[in-house]
Amino acid sequence: MITDTSNAVCLSQYFLPTLKETPQEAQIVSHRYMLRAGMIRQSSAGIYSWLPLGLRVLKKIEQIVREEQNKSGAQELLMPTIQSADLWRQSDRYDDYGKEMLRIKDRHDRDMLYGPTNEEVITEIVAATVRSYRDLPLNLYHIQWKFRDEVRPRFGVMRGREFYMKDAYSFDLDAEAGRVAYNKMFVAYLRTFARMGLKAIPMRAETGPIGGDMSHEFIVLADTGESEVFCHQELLEYDILGEQVDFGSPEQIQGFVDQWTSLYAATDDMHDADRFEREVPEDKRITARGIEVGHIFFFGDKYSKPFNAMVVTSDGAEVPVQMGSYGVGVSRLVGGVIEACHDDEGIIWPEALAPFKIGLINLRVGDDACDKACDDIFTKLNESGAEVMYDDRDERAGVKFSEMDLIGLPWQLIVGPRGLKSGVVELKNRKTGERENVSLESALSRISG
Ligand code: 5CA
C-alpha cells in the first residue's frame, strides 16, 4: 500500500513543465536549470512561483535550517510579512531604508510596508514581554517571505525581490552573553551548510543597514557569485560534521569559532591586501567569487534602546538587552546549491536536498514485463520510505534519459525489456555516472529508504 503519494509520483500525472530550449533571460546555470527542470516560473521581475519539484527542494533546505536552529537552542515563531511604518520610524530606519522598501497604504491611509527584515517587530514583542535577566538568554527565529525592491533583481532566485529567509534574533543580558549567542549561531551555520553538502566559509563582513560592529557572511565559492572574496585555502578543508558539538558549552563553541576565524577570510569590503599577503602563504591564497548564503550580526542595543527593551539585572539595575540577528537565504540556497553541484547535463543534487532520491525509468511503457516490474519496484521503494519519481510516460528513451539527468536525482533505476529477460535492471549514479547491471533485489536493497 502506498502511504504518502506525494513521495512517490508518476511523471505521467506529475506537474513538471520542463523546457527543451535554454531560456534566453537566464544568465547563470542555476537559473537556467531551475527553469528548464520545471522548478520555478517567473511571475514578475524577481518574483517567482515555486512549482512542485522546486518546492520540494525549498522545503528540504528549510527543514535542515530549522533542525539546526532548534539544536542550537533557538525557538521558532512566525511573524507577519506586512509591518507598520510606525515601527520603523521608532528605530529611525523608515527613511534610511530608501527605495528598497516596498511601501503600502492600507484603506485608512496608514503607512504599511512589506518587511525586508524583522528587527523592529521582534524587538517590540520582546520589549513588551521580557522583564528580568531570568528571562534571558532568548533566541527567536522565523522562516518567512521578505521583500526588497532590489535595483537589479537577477540570477533567478539568487537575487530576487521576494525571497524566503530564516532570520533569528538573540537577546542577552550583556555583551559577553551576546557573544555566546553569536558564536552558537556561527557554529549552527557551519553545521547547516555542511549538511547541505556545501563548503560555506565565514568571512568578516560589513554590516550595512542592519548595523553593529561584528558580522560574518557565510560564502559558498562559485564563479558566478556576486561577491569578490579572499581566504586561506585550509578553511575549505575543515569539517564541522566530524565534530561532536555541545551547544551547552560556551568554551567549546568559542573554540570552533576561533578555529574558523584564525585563518584569513574576508569579503571585498573588509579586505586588507597587506594582511592577506602577510598571513597567508602564496600557495594558500584563494581569490575567488562567492555567493552569500548567510549573514550574522551583533549590534548590541541599536534596537533595544529605541524600543525600550530593558531588563532588570540581578543587582536590580535596568539595562537594555544586547541583540544580534542571523539570516539564512533559504530560497537563494536552492540556486546556490545548483551553482555548486551540476554538470553539462543538469543538476546533481546532494542526497539531503534531492527532490526525490530515485528516478525510475520504464524504457518500454506498454510492455507487460516492464510495466509489472516497474509497478512492483515503485511500490516497494515507496513502502521502504524512499522518495521516488517514476517516468511512466510513453516517451522515447533519449528524452527520458536527458530529462532525468537534467532533474538530477541521485539514483536512476532503468528498467528495459532486454535486461528483464536476463533478470537485471540498470542502476546509474547521477554524480559519478557509473552504471551497473544488478538484480532487482540488489538494486532495491541498495537504494531503499
Ligand atoms: N536581519 C538580518 C539578519 S536576519 C538580514 O536581513 N541580513 S541580510 O540582509 O544579510 O539577509 C540575510 C540573507 O538573506 C543573506 O545572507 C542572503 O543569503 C539572503 N538574501 C538577501 N537579499 C536577498 C535577495 N534579494 N534574494 C535572495 N536572497 C537574499
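Guide: Happy to. Two rings of Phe, Tyr or Trp count as a pair if their centres lie within 6.5 Å. With that in mind, please remember that this is a predicted model. One aromatic cluster is formed by Phe186, Tyr189, Phe193 and Phe218. The structure holds 14 aromatic pairs. Among them is the pair of Tyr189 and Phe193, with 5.9 Å from centre to centre and 85° between the planes, an edge-to-face arrangement. Both residues belong to helix H5 (residues 175–195), and because they are four residues apart there, about one helical turn separates them. Tyr189 has a relative accessibility of 0%, so it counts as buried. Phe193 is buried too, at 1%.

Another pair is that of Phe378 and Tyr390: the ring centres are 5.5 Å apart and the planes meet at 45°, so this pair is tilted. Here the partners come from two elements, Phe378 from helix H9 (residues 368–383) and Tyr390 from strand S21 (residues 388–391), so the pair ties together parts that are twelve residues apart in sequence. Phe378 is buried, its relative accessible area being 7%, and Tyr390 is buried as well, with 5%.

Over the ring of Phe356 sits the charged end of Arg56, 4.1 Å from the ring centre. Tyr94 has the charged end of Arg89 over its ring, 4.6 Å from the centre.

Conventions:
Residues numbered from 1 in each chain as written. Predicted model: local features only at pLDDT ≥ 70, side-chain atom pairs only at ≥ 80, totals over all residues. Heavy atoms only, no water. Phe/Tyr/Trp six-rings, centres within 6.5 Å; stacked < 30°, edge-to-face > 60°. Buried < 20%, exposed > 50% of the residue type's maximum accessible area, 1.4 Å probe, protein only. Lys NZ or Arg CZ within 6 Å of the ring centre and 35° of its normal.
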